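Subject: Handing over the model

Hi there,

Here is the structure I promised to pass on to you.

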Amino acid sequence: MTIHRVIRKVQRFEGWFGGGALLCLIAGLYLGLIGSPPDYYQGEVVRIMYIHVPLAHTSLLGYTILAAGSLWYLWKRDPIVDNMCQAVAALSAVFTALALGTGMIWGKPTWDTWWTWDARLTSFTVLLLILIGYLMLRTFVDDPEKEARYGAILAIVGFVDLPIIHFSVEWWRTLHQPQSISMRGVSISSGLLVPLLFMSVGMSLLFSYMLMVRTQLLYLDRLLHAKKGRLLSQFHLSKSDS
Amino acid sequence: MTNLHRRWGGVFLVAIVFIVLTYNHYRDNLASLAPEQVKQETPAGEIRVLGMVQGGTLETRGAGEATFALLGKSATLPVHYQGPPPDNLRELKILILIGTWNADRQVFEAHDIGIVPNYGFIAGAYLLGLLPLALLLFAMTRRVHSLYEEIKASTLYEEE
Amino acid sequence: MGEDEGEGDGKNCKSEMMVAKKKAGMIVSILLVGGALGYLALGNFGENVVYFFTPSEVKAFSTDYYQKKVRVGGMVVEGSMETYPDRLGLTFRLTDGEATIPVTFEGIPPDLFKEGQGAVVEGYWTNQQRFESNLIMAKHSEDYMPIELKRAGVELPRKDFMKSLVE
């Protein structure tokens, strides 16, 4: 049995992503926690931004990959693409939950509340619910082809939440502050921007690396199951022969 | 000791070094005295006092000078502040004052405002953000390794 | 899971139940996604549900609102904060540039609460035309810089919160 060429490629290049993520995150953590000044208004707690914002935008990146992958799957019907979709959904769910969690921890010392149902927080919670719904749906469908197809459709429908999340702080009245990097320009001075950039790049690389690992995991799992199934059927065949 | 364990051991070591470095960097900002402690113990030299600006007591004179009372649990401390413009100073603000206690005049002479040690939030956010990811990644890489092993081992059956 | 092919009546019955359970699970997960998206659509696209009102809107409230817990957002008017010497609490005025309302609060305001900055308060608009708040949330803007730059007069681009309120 041969391993899919995409997986072989992933195996060969994943180390670069993992290593790059580690280096960027070490640099970002050093700059974010030690090598950068506190904010004029928030003081030290601004450092939570360097972990919260990268987690949040990486989960949005993850969902974008999921939606694109789902379209691709519906077009090509390649099971390896579906493995990738399933992997990216689980990881996005984890990143989304962590973005919400770190956001809560940032909210308490700044806003003085852990949680409030403003448009940004609500739409982000909806993203988590969509991902949980997606993963749940997949466990309830027996036929792998149907499982992939239903999942893909749900993921594409759920994509409408992404522009809502992005523009929620611009369109509606929220407690959450607007985008710091927008059409208005960059509202973060360089001393605080550099650690944010390192953490963002590092987190995106980490996400990519984790995606590569998880896609492999799901693919290998499927491969092994198929193999076991075939061995089993061969076993049955030989038994009926005798 | 596999390659995988060695790699994760390295990550673990880096994390430990990092935590120690960060703790050392902020250690001096953690300690502070309460107003009642200052009144009782009359400490000499530069100290840090944690308290709240009492309502109705703040009077500013010019950009970098202010007087107010710092409220603790059981005592208030008269404060005379002179230093850089206290940008975020207001009544009912909890803050750390850096300065010396003038026992003769019974006034705390502050020359700077420190940051309230709310590092717990920062530490909590970083732990919450990174620890689950590291654990998940570790579990996934281990599983991928064992899957490859299993597939390799089962090729014996395959090769007929 | 799902590998039993159903031999005999008892097993058939069991697999039918499994199928029903899976169907129910599918419906629940689709409802979860649909419900979440629907809530978002109703909660935010709807005209009458907003996260907070502006002081202008509060001033135009009918008496029905007096018993209702609402949120109001605006700028804390410079120089309007007053505290009590004997208890923890404060009064201040909240404005959107067109209307201004007085707010009272018992307790310690958030660390980032400041005159000239945004705040969202939760509580009741009373018939004394005063807002009795039991929660103050400090709204901070999206610009970040060290104190040295701020003191040097640097202003980074940011959304005008006050202007966005009356638009």
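Chain C has four helices and six strands, where helices (H or I, at least four residues) and strands (E, at least two) are DSSP runs, numbered from the N terminus. Read from the N terminus, its elements come in the order α-α-β-β-β-β-β-β-α-α. Please bear in mind that this is a predicted model, in which local features need pLDDT of at least 70 and side-chain atom pairs count only at pLDDT 80 or more, while totals for chains, interfaces and linings use all residues. Residues are numbered from 1 along each chain as its sequence is written, and chains are lettered from A and ligands numbered from 1 in the order in which they are written.

Staying with chain C, 30% of its 167 residues count as buried. A residue is buried if 20 or more other C-beta atoms lie within 10 Å of its own, exposed if 12 or fewer, and partly exposed in between, with C-beta atoms placed from the backbone. Of the contacts in chain C with a separation of 6 or more, 47% are between residues 24 or more positions apart; two residues are in contact if their C-beta atoms, placed from the backbone, lie within 7 Å.

One residue to look up is Leu31(C), in helix 1 (residues 9-45) of chain C. Leu31(C) counts as exposed because it has 12 C-beta neighbours inside 10 Å.

Now for the interfaces. In the contact between chains A and C, 47 residues of chain A meet 39 residues of chain C. On the chain A side, helix 3 (79-110), helix 4 (119-140), helix 5 (144-158), helix 6 (161-171) and helix 7 (190-241) each supply at least two residues. Helix 4 of chain A gives the most, with 11 residues. By class, this side of chain A has 24 nonpolar, 16 polar and seven charged residues. Here Ala, Val, Leu, Ile, Met, Phe, Trp, Tyr, Cys and Pro count as nonpolar, Asp, Glu, Lys and Arg as charged, and the others, Gly among them, as polar.

Chains A and B also touch, through 35 residues of chain A and 31 residues of chain B. On the chain B side, helix 1 (3-26) and helix 3 (119-158) each supply at least two residues, and helix 3 of chain B gives the most, with 23. That side of chain B divides into 20 nonpolar, seven polar and four charged residues.

Finally, two helix pairs within chain A. Helix 4 and helix 5 of chain A pack at an angle of about 170°, with their axes 9 Å apart; axes are lines fitted to C-alpha atoms, for helices over the stretch in contact, and angles run from 0 to 180 degrees between N-to-C directions. These two helices are therefore roughly antiparallel, since angles under 35 degrees count as roughly parallel, over 145 as roughly antiparallel, 65 to 115 as roughly perpendicular and the rest as oblique. Among the residues making this contact are Ile130(A) and Leu137(A) of helix 4 and Tyr150(A) and Leu154(A) of helix 5.

Helix 2 (residues 49-76) of chain A packs against helix 5 of chain A at about 135°, with axes 9 Å apart, which makes the pair oblique.
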